[in-house]
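Got a minute to look at a pocket and a pair of nonpolar cores?

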Amino acid sequence: MIAHTTLHVSDYKKSKAFYILALAPLGYENNMEEGEAAGFNDGKNTDLWIIRADVVPTHLAFEVKSREEVEAFYDAALAAGATDNGGPGYRDYWPGYYAAFVYDPDGHNIEAVWYDYEKVD
């Protein structure tokens with residue numbers, strides 16, 4: 001299951017305004033922003049990000065069922081030739097966010113994430 005993705009945009013303000021309006025009928029709201037990056041939430045997760053960038057690589061996150069699957073993904077990806085971009089562990093994005101990140105051979109940021117709901121208050 002794909003958990004979230006990031007689209008790289010050339011004109012951040014224009015793209016942010018576009019996605020706010022275009023995604024509103026689908027129930028999405030712009031709920032997070034950091035610098036020239038904006039996250040859009042569908043009521044469950046922030047599953048779409050836009051970020052101002054000159055570089056083409058994309059971010060793609062796969063939602064997995066357990067901490068062990070995050071770790072297995074990370075090990076398998078490295079064995080397949082990926083480059084480390086953050087080993088398995090909890091992140092400060094929100095409580096219970098356990099993930100690992102790698103760069104694929106083209107430089108795309110690929111993530112496996114497990115939502116540890118027992119850590120959520």
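Predicted model: local features only at pLDDT ≥ 70, side-chain atom pairs only at ≥ 80, totals over all residues.

Residues are numbered from 1 along each chain as its sequence is written, and side-chain values use heavy atoms, with hydrogens and water left out.

The largest pocket has a volume of about 530 Å³. Of its 23 lining residues, His-4, Thr-6, Trp-49, His-59 and Tyr-93 come closest to the centre. A pocket here is an open set of points on a 1 Å grid over the protein atoms alone, where a 1.4 Å probe fits, with protein on both sides within 12 Å along at least five of seven lines; lining residues have an atom within 4 Å of a point. The volume is the space filled by probe spheres set on the points, which are joined across faces, edges and corners.

Now for Val-64, which sits in the loop between β5 (59-63) and α2 (67-79); helices (H or I, at least four residues) and strands (E, at least two) are DSSP runs, numbered from the N terminus. Val-64 counts as buried because its relative accessible area is 16%, and the cut-off is under 20% (1.4 Å probe, protein chains only).

The cores are sets of buried Ala, Val, Leu, Ile, Met, Phe, Trp, Tyr and Cys residues joined through side-chain atoms within 4.5 Å.

| Nonpolar core | Size | Members include |
|---|---|---|
| Largest | 11 residues | Val-64, Val-70, Ala-77, Trp-114 |
| Another, apart from it | 8 residues | Val-9, Tyr-12, Leu-23, Leu-48 |

Methods
Buried < 20%, exposed > 50% of the residue type's maximum accessible area, 1.4 Å probe, protein only.
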